Amino acid sequence: MKFKTHISIKDLNVWYEKHQVLNNINIDIPDKKITVIIGPSGCGKTTLLKSFNRLIDLQDGVMVSGQVFVDGENIYDEKIEVTHLRKKMGLLSQRPQVLPMSIYDNVAYSPRIHGLKNKKKLDELVEHELNEAGLWNEVKERLSGPASKLSIGQQQRLCLARGLAADPEIILGDEPTSALDPISAEKIEQRFLDLKNKYTIVLVTHNLRQAKRLADYVIFLYLGNIIEYGKADEIFKNPKYSKTKDYLNGKFIEEHKIDKELNLKGTVCPDNFVKTKVALEELEVGQVLRIIIDYEQAVIEVPKTIEYEGHKVLEVKSINRTDWEIIIEKRNDGEI
Amino acid sequence: MNTRKFKDAIAKKIMFSFCVFILSLAFLIGFILYQKAKPILGVQNLWQLLLSGKWHPTTGQFGMAGFILGTLWVTLIAVFIAVPVSILTSLYLSEYMPKRVKEFTKPVIDLLAGISPVIYGVWGVIAVVPFVRDYLMPFLSENLPFFPFVSDNYTGFCALSGGIVLAIMISPLMVSVMGEVLGAVSFEMRETSLALGATRWQTIKFVVLKKAWPGIIAAIILGISRAFGETIAVLMVAGCSIQEFPKSIFDTAYPLPALIANTYGEMMSIPLYDSSVLLAALILLVVTILFNIIGWGILFKSENE
């Protein structure tokens with residue numbers, strides 16, 4: 001493959017405790033293109049993504065070997081300034097994470113912590129980035145209102161604007177549309193297509209149709225190994241390996257083994273959370289609960305509180321215009 | 001009815017009545033204290049009792065302002081010392097310390113909170129009082145000869161010693177509550193801030209503390225309420241002679257709980273004496289309950305947001 005490389009990964013191995021999550025990864029990620037990482041759950045997609053801006057450092061008991069070059073610099077070198085590296089990359093997570101402040105302050109967060117104080121420049125920047133994220137017209141009247149009052153779709157676009165305000169070179173998206181309704185998801189996808197001329201974009205997704213719509217290049221990751229990597233149309237039309245073919249044909253699209261289901265449509269916070277907690281109490285550690293909700297605020301609040309209780313949220317997914325499913329694995333028994 | 005069912009019913013009734021008894025204790029205590037304090041309230045005006053500094057039981061003067069101010073003064077000193085220490089400690093524990101070490105330190109802090117106050121008191125007498133007398137007071141009163149460092153009390157038994165001992169006693173409680181509050185801020189929130197290129201300190205300052213602020217205030221209020229009621233340790237180190245108005249951190253202080261513990265049961269032949277002391281107890285009870293309600297209220301509210 002011939003392209004200008006932006007991120008270059010050499011012999012990358014990652015372990016959590018004794019469990020190896022990434023196995024000898026060697027790839028080059030092209031400059032100003034959309035690269036999509038696909039693969040079954042738990043195959044290391046998110047870990048790979050977070051190894052680019054060293055967010056995996058924050059996990060307890062993580063061990064990394066190998067090198068990742070961004071703009072020719074090895075980011076795992078001791079001399080590297082990690083805040084500077086992270087500023088280069090905007091991150092969109094699966095569930096939008098707005099900071100506990102106003103819409104304006106969210107966007108201005110990164111410029112401010114990096115020393116921009118001029119009010120006029122900040123105003124211009126905030127307007128510009130909100131425009132870039134396609135949110136300006138919806139929020140220009142209430143910039144000083146709390147960001148948490150926005151809808152989830154709007155919150156995700158706000159996160160995009162906030163990431164862009166840091167003046168990054170790279171945008172990382174960890175399933176950024178999976179919790180959004182189809183219309184909000186489409187808006188985000190459109191933003192990515194508009195932005196790819198200016199930024200290198202790396203996305204993790206579960207949604208193969210989305211991958212087909214967006215990807216210039218595709219990485220297929222399976223159990224911590226890169227099975228196949230190449231131009232999107234080549235891989236989608238003509239996968240070389242049978243594993244890739246199977247995955248693309250939906251043969252082993254992983255389904256979580258659900259031990260219990262709970263329909264919480266029509267319930268609000270914190271009622272749905274309490275019901276979820278009670279349902280989890282009846283399960284054994286390691287069993288999986290699937291809940292269906294239709295209350296938007298709960299899409300963020302329930303996973304957050306469940307994780308605070310020590311359980312693992314495996315997936316949050318929008319299943320149709322009004323409903324979401326949240327899949328939770330019970331992790332601890334009683335006390336945290 | 002067979003015996004098995006009979007026993008079951010009896011057991012339930014007994015447990016129920018104990019439960020009711022425990023729950024009604026607070027009201028019971030408050031009610032009895034009020035009954036006992038009534039005689040003095042019938043004779044003297046409550047506000048006058050609270051605002052007057054003249055405590056001369058033999059002439060019928062029961063002004064409690066000196067004790068109330070003493071309580072506030074010692075508590076203020078304690079909070080002044082304990083709040084920054086607790087906030088920084090809990091921040092270190094939640095933001096920097098590796099999880100494995102935390103599993104070991106958390107029980108130690110809870111253990112500190114459970115040590116008997118009299119031990120803190122004794123430790124105050126043998127360590128804090130000499131330290132204040134021999135080092136702190138000479139140093140501060142020489143270098144900063146103005147309020148609140150000037151005093152003619154050279155014993156070391158003073159408001160500052162009381163404040164230091166209290167600060168050490170309430171810190172574990174505050175660290176523990178603040179730890180809960182900080183732990184409730186999600187990992188993703190921190191990750192988001194760090195991903196934008198913030199340092200850990202910026203993340204703490206702009207995101208974690210911002211989110212946890214109400215809870216930290218609540219922890220401080222709970223600490224204050226604990227400090228208000230603490231008796232024996234303060235009594236042992238604060239000097240306990242009456243001051244009308246606190247003029248220095250090196251003056252003696254005589255907080256309300258110490259007054260109650262020291263005097264109740266003695267000199268009961270003086271008219272209205274026991275009634276006035278129990279009024280002091282009632283005030284203490286009301287203030288403590290009030291502070292607890294406010295503290296837990298804020299905590300509860302911030303948890304539900």
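The secondary structure of chain B comprises 11 helices and 2 strands, where helices are DSSP runs of H or I with at least four residues and strands are DSSP runs of E with at least two, numbered from the N terminus. Along the sequence, these elements of chain B follow the pattern α-α-β-β-α-α-α-α-α-α-α-α-α. The structure is a predicted model, in which local features need pLDDT of at least 70 and side-chain atom pairs count only at pLDDT 80 or more, while totals for chains, interfaces and linings use all residues. Residues are numbered from 1 along each chain as its sequence is written, and chains are lettered from A and ligands numbered from 1 in the order in which they are written.

The C-alpha atoms of chain B fill a box of roughly 80 × 70 × 35 Å along the principal axes. Of its 305 residues, 39% count as buried, that is, 20 or more other C-beta atoms lie within 10 Å of the residue's own, with C-beta atoms placed from the backbone. Two residues are in contact if their C-beta atoms, placed in this way, lie within 7 Å. Among contacts in chain B between residues at least 6 apart in sequence, 79% join residues at least 24 apart.

Helix α5 of chain B spans residues 117-143 and has 27 residues. Its end C-alpha atoms are only 33 Å apart, short of the 39 Å that a straight helix would reach; the expected span is 1.5 Å times one less than the number of residues. At Gly124(B), α5(B) bends by about 45°, the bend being the angle between axes fitted to the seven residues ending at a residue and the seven starting there.

The contact between the chains takes 24 residues from chain A and 20 residues from chain B. On the side of chain A that touches chain B, α2 (82-87), α3 (103-113) and α12 (296-308) each supply at least two residues. The largest share, 4 residues, comes from α2(A).

Within chain A, the domain assignment, which is automatic or from a database, gives domain 1 (5-248) and domain 2 (260-329). The centres of these two domains, taken over C-alpha atoms, are separated by 25 Å. Their contact takes 10 residues from domain 1 of chain A and 10 residues from domain 2 of chain A.

How values were computed
Buried ≥ 20, exposed ≤ 12 C-beta atoms within 10 Å, placed from the backbone.
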